[in-house]
Amino acid sequence: MKRLFVKKNLAGSSLFLPVLFILFLFFLLLPAIFPPPACAQDPAALRFDDYVLDQAGLLRVEEKRELASLLADFDQKTTNQFLVVILPSLPPATSLELYSLELAEAAKAGRAGKDNGLLLLILRDDRKIRIEIGTGLEEKITDGRAGRVIREILAPAFQRDEYYPGIKAAMLNLMNRVDPSYAPAAGGGGFPESDGQNLPFLPVLILVLFVVFFSLLDQRRLYRRGYSQTTFGPVVFRHRPSGGFGGFRSSGGFRGGGGGFRGGGASGGW
């Protein structure tokens with residue numbers, strides 16, 4: 001009987017360490033298995049290196065690129081700096097207006113002395129919108145006008161899940177308020193109705209691979225015959241700087257000019 005009791009104790013002690021190790025691993029991996037809900041970051045921790053910051057994945061890559069190119073073109077031609085910031089949600093117990101103001105101040109949109117910056121903040125999960133106006137633009141874009149842009153352009157478009165068209169239409173409306181003479185670069189009217197989303201993926205992929213294969217094959221044959229690519233050869237794919245979509249130049253990155261804000265603007269939702 002005593003021997004059986006000892007065997008049971010030994011069996012229990014041998015299982016203790018593996019169970020403890022499994023529990024340790026479980027608690028260690030718990031944040032990865034059940035991640036905390038995404039929310040907005042501290043404004044000072046965000047990198048404002050482009051005219052569009054989308055951390056919520058609301059825009060497609062080409063939409064973000066075209067929008068950034070439009071805002072960069074507006075900055076280059078008028079010196080007014082407009083930014084679009086899209087985040088999942090607000091930090092807990094944070095005011096939308098206060099957080100938006102902190103974002104605008106951290107980004108430093110607008111020129112120093114002119115204070116001609118603007119920030120459009122969109123919170124995907126909270127379904128909230130805020131337009132923050134630089135002090136130098138408050139006469140041209142009043143709080144009432146900013147509120148109408150949210151109610152009449154952004155909110156209806158977002159309710160239809162048309163995020164990019166709504167944002168672009170709102171930006172163009174606000175640009176016209178600031179500088180009616182501004183005209184976007186030629187061909188910047190937007191995407192055609194069929195922008196490639198409806199193209200069948202497999203046939204397009206096969207076609208691209210077919211062209212690349214025969215281009216490389218012909219190139220190798222020409223090299224064997226003594227031709228150089230600079231004198232003669234097939235069409236090949238060379239890297240060239242992206243010019244943006246819709247005719248706009250590439251944004252080349254955003255650099256804040258040190259504009260000031262004092263809380264002017266409007267808030268809303270959809």
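Residues are numbered from 1 along each chain as its sequence is written, and side-chain values use heavy atoms, with hydrogens and water left out. The chain has six helices and five strands; helices (H or I, at least four residues) and strands (E, at least two) are DSSP runs, numbered from the N terminus.

**Overall layout**

- Of the 270 residues in the chain, 36% are buried; buried means under 20% relative accessible area, exposed over 50%, and partly exposed in between (1.4 Å probe, protein chains only).
- Among contacts (heavy atoms within 4.5 Å) with a separation of 6 or more, 74% are between residues 24 or more positions apart.

**How confident is the prediction?**

- The mean pLDDT of the chain is 76, and 59% of the residues reach 70 or more; pLDDT is the predictor's confidence in each residue, from 0 to 100.
- Among the elements, helix α4 (residues 143-159) has the highest mean pLDDT, 98, while helix α6 (residues 201-224) has the lowest, 52.
- Residues 34-39 have pLDDT below 50, and the model gives this stretch seven contacts beyond near neighbours in sequence.
- Another stretch, residues 187-199, stays under 50 and has 17 contacts beyond four places in sequence.

- Strand β3 (residues 117-123) is largely enclosed by the rest of the structure, because seven of its seven residues are buried.
- In a regular strand the side chains alternate between the two faces of the sheet.
- In β3, Gly-117, Leu-119, Leu-121 and Leu-123 point one way, Leu-118, Leu-120 and Ile-122 point the other way, and all are buried.
- Strand β2 (residues 81-87) runs parallel to β3 and is joined to it by seven bridges, with Leu-87 opposite Leu-123.
- A right-handed β-α-β unit is made by β2, helix α3 (residues 96-107) and β3; right-handed means that, with the strands pointing away from the viewer, the path from the first strand over the helix to the second runs clockwise.
- On to strand β4 (residues 128-134): six bridges pair it with β3 in the antiparallel sense, and Leu-118 stands opposite Ile-133.
- The β3 and β4 hairpin has four residues between the strands, and Arg-127 takes a positive phi near 55° there.
- Lys-128 in β4 is the bridge partner of Leu-123.
- Six of the seven residues of β4 are buried, so β4 is largely enclosed by the rest of the structure.
- Strand β5 (residues 261-269) runs antiparallel to β4, with seven bridges joining them, and Glu-132 stands opposite Gly-265 in β5.

**The nonpolar core**

- The largest nonpolar core has 59 residues, and those with the most contacts inside it are Phe-82, Ile-131, Leu-154, Ile-167 and Met-171.
- A nonpolar core is a set of buried Ala, Val, Leu, Ile, Met, Phe, Trp, Tyr and Cys residues joined through side-chain atoms within 4.5 Å.
- Leaving aside neighbours within four places in sequence, the contacts of Ile-167 include Leu-59, Leu-120, Ile-122 and Leu-154.
- Met-175 lies in helix α5 and is buried, with a relative accessible area of 1%.
- Beyond its neighbours within four places in sequence, Met-175 is in contact with Leu-70, Leu-71, Phe-74, Phe-82 and Tyr-182.
- Met-175 and Ile-141 are 34 residues apart along the chain, and their C-alpha atoms are separated by 9.5 Å.

**Aromatic pairs**

- The structure holds five aromatic pairs; rings of Phe, Tyr and Trp (its six-membered ring) pair if their centres lie within 6.5 Å, and planes under 30 degrees apart count as stacked, over 60 as edge-to-face and the rest as tilted.
- Phe-158 and Tyr-163 form a tilted pair, 5.1 Å centre to centre with 55° between the planes, and both residues are buried.
- Phe-74, Phe-82 and Tyr-182 are linked into a cluster by ring pairs.

Notes:
This is a predicted model: local features need pLDDT of at least 70, side-chain atom pairs count only at pLDDT 80 or more; totals for chains, interfaces and linings use all residues. Two strands pair if DSSP finds at least two bridges between them.
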